[in-house]
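Dear colleague,

I am handing over a structure for you to look at, and below it I describe the aromatic rings and their neighbours. Please keep it open while you read.

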Amino acid sequence: MQIVTFTRSTPDTAAKVEVNSSGVVTWGDAATVVNPWDEYSLEEAIVQAKNTGGKATVIAIGPEMHNEALKHSIAMGLDEAVRVQADDLDMTDSLGWATLAAAAVQKMGNAELVIFGKESIDVATDQQVYQTARKLGWTMLSYVSKILAIDTANKTIKVEKVLEQGKQIITVKLPVVISVMKGINEPRYPSFIGIRKASKAVIPVWTPGDLGVSLPGKTSELVAYHNLPARAVQTEIITGESVQEKAAKLVDKLLEEKVL
Amino acid sequence: MSVFVWVETFEGAMNPSSREALAAGKTLADGLGVGVTALVFGGNAAAIANEAGQYGATTAVICDDATLNDFRLEPYAALLTKLVQDHSPKVVLAVATNRGRELVASSAADTNSGMIAEAIELGLDGEAVVATKAAYAGKVLGKMALRGTGTKFVTIRGRAFKPQEQNTSASITVTTVAAVLTEDAIASKIESFEQEVGKVNLSDAAIIVSGGRGIANNPKNAPADAGDATIWKAKDGFATVITPLAEMLGAAVGASRAAVDAGFIPYDHQVGQTGKVVNPDLYIACAISGAIQHQAGMRNSKLIVAINKDGDAPIFKLARYGVVEDVYNFVPALTEELKKRLGK
């Protein structure tokens with residue numbers, strides 16, 4: 001089965017991210033990494049492509065910085081990578097992003113399963129995931145914690161899905177878009193051979209013209225980024241002769257603060 | 001031309017966080033000079049609509065068709081999209097729960113409308129909706145705007161907006177509509193559902209007690225047949241030290257990524273960049289050093305208490321109160337003290 005997954009480059013999880021005096025988000029010398037949630041979707045795409053005797057393609061939408069994430073994906077074992085570049089795309093405009101994502105999946109021709117990570121940490125949302133499914137007209141299954149079965153003959157997929165109140169088992173007809181949780185698998189590290197393959201890979205770039213779509217008018221506007229307000233906190237270290245005394249003093253404070 | 005608020009239900013009852021959406025919707029509606037319409041889908045919709053009326057809605061659109069009893073995206077989104085097309089509301093608003101996120105985003109896509117997800121502040125600039133939300137894993141904030149004349153779609157982060165006081169004398173005008181999709185037209189079939197009773201939802205919790213990597217420094221010895229001694233010690237610590245404190249406070253149990261990745265506690269307890277973003281009234285961090293990934297998930301807590309034997313741990317910089325003690329010495333004493341003082 002042909003499987004498509006999406007990724008993007010985001011600042012290293014340990015990086016200090018700030019807005020500089022020009023209003024631009026910066027992360028100093030820190031490297032970019034694969035969007036942390038995508039490690040699980042990339043791994044799942046590799047595993048399910050192997051299980052169903054198919055191919056897994058990874059797509060990034062956005063400027064050249066996202067080639068880093070695509071190369072990491074190839075090093076992990078994805079079969080092929082493509083980048084979609086639209087010069088006037090605003091990454092915070094989910095409708096524009098989803099329009100390109102859906103068109104890229106359709107260009108693949110025979111894709112039946114799209115796997116997303118739970119969300120993207122740069123835009124800090126998952127709305128583009130659901131919007132891609134709607135633009136494709138495919139069924140969406142979010143928060144998948146296990147793929148229980150893929151029946152390629154009858155074209156169905158059975159998954160376990162996490163809700164706030166418990167777990168659901170759902171079966172749907174393919175094609176389908178799913179988003180997967182951390183914990184669905186143990187993402188592999190890139191292999192030596194994979195890293196060599198990635199370093200030689202030439203990543204094709206598709207434009208909206210290649211996809212036969214034009215970007216819709218922008219429906220949301222990023223006004224500005226701001227640094228977090230400083231946490232105006234004066235730390236008080238609770239002292240005392242014994243843990244009992246410290247515990248009593250801490251409880252006094254918490255009762256005064258009315259948080260209990 | 002009202003403000004639509006989707007009231008989330010589960011097994012015939014209103015999800016309490018929907019009161020926050022009704023209140024946030026009411027503030028926008030007042031500014032726009034319109035009313036709030038509660039949308040209630042599924043079983044017991046009429047009674048839930050009445051309850052929504054006591055929290056700020058003046059009208060309600062309900063559909064209690066059997067296809068809507070369990071949330072499934074396809075029939076819910078089809079109905080919401082049809083209501084938006086028929087009524088052109090100014091705003092569609094819901095809490096950013098698992099279900100609210102996908103429902104609102106789907107209908108925004110169906111109607112080619114703008115959307116802002118997980119707003120923590122919300123306001124108007126003329127007819128435009130402006131909102132502040134997290135960006136870059138919560139390390140910076142983004143101010144976004146939805147302009148133009150079309151319907152604007154917004155989800156709000158749980159616990160970021162205060163619900164209104166209940167007004168038991170308020171009344172509501174209810175309209176009943178038919179479902180858009182028949183069961184035959186719905187691809188997803190729910191085969192089973194396993195409810196986890198007593199599961200405290202981190203996003204809804206007023207108090208969270210979290211444990212980190214240091215929970216493995218349990219002075220107890222692991223039994224000979226325990227397998228991995230470190231994991232045994234940490235699991236025992238979560239069960240016998242962290243959980244009793246959480247239960248005493250009616251709190252949810254959280255954990256750092258280090259604790260989750262080491263296998264000390266399941267992933268759904270993780271707070272931080274690849275876990276949940278939380279904003280409780282009180283966050284008690286036990287044996288958590290306070291890596292930047294963890295801070296991204298909990299720095300919006302109203303009051304933070306840090307308990308760590310390393311007085312230089314970065315978590316103390318965020319904490320209002322700090323206790324430099326070994327968790328295994330201090331937390332049982334704290335639980336005992338709370339038992340006395342809270343009269344339990």
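Lys118(A) lies over the face of Trp37(A), at 4.4 Å from the ring centre, where a charge counts as sitting over a ring if NZ of Lys or CZ of Arg is within 6 Å of the ring centre and within 35 degrees of the ring normal. Lys107(A) is likewise placed over the face of Trp206(A), at 5.0 Å from the ring centre.

This is a predicted model, in which local features need pLDDT of at least 70 and side-chain atom pairs count only at pLDDT 80 or more, while totals for chains, interfaces and linings use all residues. Residues are numbered from 1 along each chain as its sequence is written, chains are lettered from A and ligands numbered from 1 in the order in which they are written, and side-chain values use heavy atoms, without hydrogens and water.

Over all chains, a search of the whole structure finds 10 aromatic pairs (rings of Phe, Tyr and Trp, the last by its six-membered ring, with centres within 6.5 Å; planes under 30 degrees apart are stacked, over 60 edge-to-face, the rest tilted). The rings of Trp97(A) and Phe116(A) have planes at 50° and centres 6.3 Å apart, so this pair is tilted. Trp97(A) counts as buried at 3% relative accessibility, and Phe116(A) is buried with a relative accessible area of 4% (buried means under 20% relative accessible area, exposed over 50%, partly exposed in between, with a 1.4 Å probe and protein chains only).

Ring pairs also link Trp6(B), Phe41(B), Phe71(B) and Tyr76(B) into a cluster.

Best wishes
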